[in-house]
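Student: I've got a two-chain model open and I'd like to learn how to read it. Can you walk me through it?

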Amino acid sequence: MKSRLFLFVLLIALLLAVPVSAQDNPPPDAPTDDEINAVAKNMYCPVCENVPLDVCPTLACEQWRAQIRELLAEGATEQEVYDYFVLHYGDRVLAEPPRTGLNWLIYIVPPVVILAGIVALYFALRNWRKPVAAAPQSQAEKSGEPEDEYMARLEEELAKRN
Amino acid sequence: MAETELELQTDAVETEVENERRGMSLWAKLLAWGLVLGLLAVVAVQLVATQQGNVGPGEPAPNFTLTTFAGEEIGAAEMQGKIIVLNFWASWCKPCEQEAADLQTAWEMYEPSGEVLFLGADYVDTQIEASKYLEKFSITYPNGPDLGTRISQAFRIRGVPETYFIDKEGNLAYVKIGPFTTLAEITDIIDGLLDS
């Protein structure tokens with residue numbers, strides 16, 4: 001009798017527990033926090049500049065992450081989520097600005113400046129070395145006589161004058 | 001003699017080569033300076049734009065079209081000849097809640113005259129939360145998202161709430177940064193514009 005009562009109580013407990021656990025667990029196809037953050041880390045909320053959306057603690061950003069969750073749950077791809085946010089909040093929400101108009105400067109200027117710097121450095125180094133390599137020849141070298149002989153003669157002449 | 005001629009010829013060739021080299025470096029320098037100055041000009045323009053601050057009273061109000069949450073488009077034709085009260089707000093903005101009820105009351109006061117149009121531009125917000133906010137404060141004047149933050153950028157707002165009063169001629173008459181604390185604060189500005 002006791003065991004039957006125990007089984008009955010256990011059955012009731014299991015029946016009660018099933019809906020609760022079903023409510024606690026998200027549907028199997030629901031996006032995980034990691035999936036949401038993977039998208040969010042490439043975005044910035046205009047309200048909290050310089051803080052990526054995945055770590056931004058403000059209410060505005062929390063709402064944005066909820067929006068990402070909703071879009072992903074509806075089956076949107078990562079690119080479609082970005083497109084949605086750009087449409088609603090402008091392209092400044094993207095960590096990597098789209099390659100259009102003046103934005104191109106961001107992608108072109110740094111490599112061009114680095115390249116120009118390397119070229120300038122190369123020519124500067126070449127010019128610094130040039131004077132040493134192309135030093136004017138001494139009179140002794142030009143005349144083909146060894147320098148020490150020339151100096152010896154000079155000193156000899158000076159000695160005579162003294 | 002022959003040696004001297006050879007030396008002179010060598011010197012002339014060296015001078016020519018040197019001049020050519022200098023000529024090339026001059027062009028390179030001009031190009032480099034041109035690039036640097038161009039880049040500085042772009043940075044300066046961007047800097048001036050960001051440092052400009054809000055659109056000030058007396059300036060012509062920027063043209064804009066607000067598409068409401070209901071899908072209605074409110075543009076220049078609907079605004080012509082009316083005093084416009086353009087309020088920037090967001091559901092996540094706590095100070096906005098301070099003035100929400102007063103703005104709605106003011107709208108109810110002026111709506112029958114047809115001379116004043118209140119508009120709400122929802123800044124960087126999600127539609128679900130925005131709808132909850134409008135419902136919470138029973139706001140009935142036209143409200144819509146600031147799509148692409150185009151309106152807020154045109155007015156160069158710094159945050160929310162901010163409210164812009166545009167006179168009947170389309171000029172900006174008054175700018176309120178931060179929330180209104182009383183209903184009288186709103187009505188005083190509108191009454192002043194109606195009397196002028």
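Student: Where is B:Pro161 found?

Tutor: Helices and strands here are DSSP runs (helices H or I, at least four residues; strands E, at least two), numbered from the N terminus. B:Pro161 sits in the loop between α5 (150–154) and β6 (162–166) of chain B. The bond between B:Val160 and B:Pro161 is a cis peptide, with omega about 0°.

Student: Before we go on, what should I know about the model itself?

Tutor: It's a predicted model: local features need pLDDT of at least 70, side-chain atom pairs count only at pLDDT 80 or more, and totals for chains, interfaces and linings use all residues. Residues are numbered from 1 along each chain as its sequence is written, chains are lettered from A and ligands numbered from 1 in the order in which they are written, and side-chain values use heavy atoms, with hydrogens and water left out.

Student: Which loop holds B:Val124?

Tutor: The loop between β4 (116–122) and α4 (127–136) of chain B. Phi of B:Val124 is near 45°, a positive value in a residue other than glycine.

Student: How do I read the interface?

Tutor: Start with contacts, meaning heavy atoms within 4.5 Å: 21 residues of chain A are in contact with 18 of chain B. Then take buried area, the accessible area (1.4 Å probe) that two parts lose on being put together, summed over both. Here that's about 1600 Å², with carbon and sulfur atoms giving 62%. On the chain A side, A:Gln63, A:Tyr89 and A:Arg92 lose the most area to chain B, together 29% of what that side buries.

Student: How many salt bridges cross between chain A and chain B?

Tutor: A salt bridge is a side-chain nitrogen of Lys or Arg within 4 Å of a carboxyl oxygen of Asp or Glu. Across this interface the rule finds 0, while the count over all chains is 8. One of those joins B:Lys94 and B:Glu97, with the closest N and O atoms 3.5 Å apart. They are 3 residues apart in helix α3 (residues 94–110) of chain B, so about one helical turn separates them.

Student: Which residues make the nonpolar surface patch?

Tutor: Patch residues have over 30% relative accessible area and no salt bridge; like charges are joined within 9 Å, nonpolar side chains (Val, Leu, Ile, Met, Phe, Trp, Tyr) within 5 Å. Accessible areas are Shrake-Rupley values with a 1.4 Å probe, and for residues only the protein chains shown count as cover. A:Trp104, A:Ile108, A:Val112, B:Leu31 and B:Leu35 make a patch of about 480 Å². The elements giving two or more residues to it are α5 of chain A and α1 (2–51) of chain B. α5(A) gives the most, with 3 residues.
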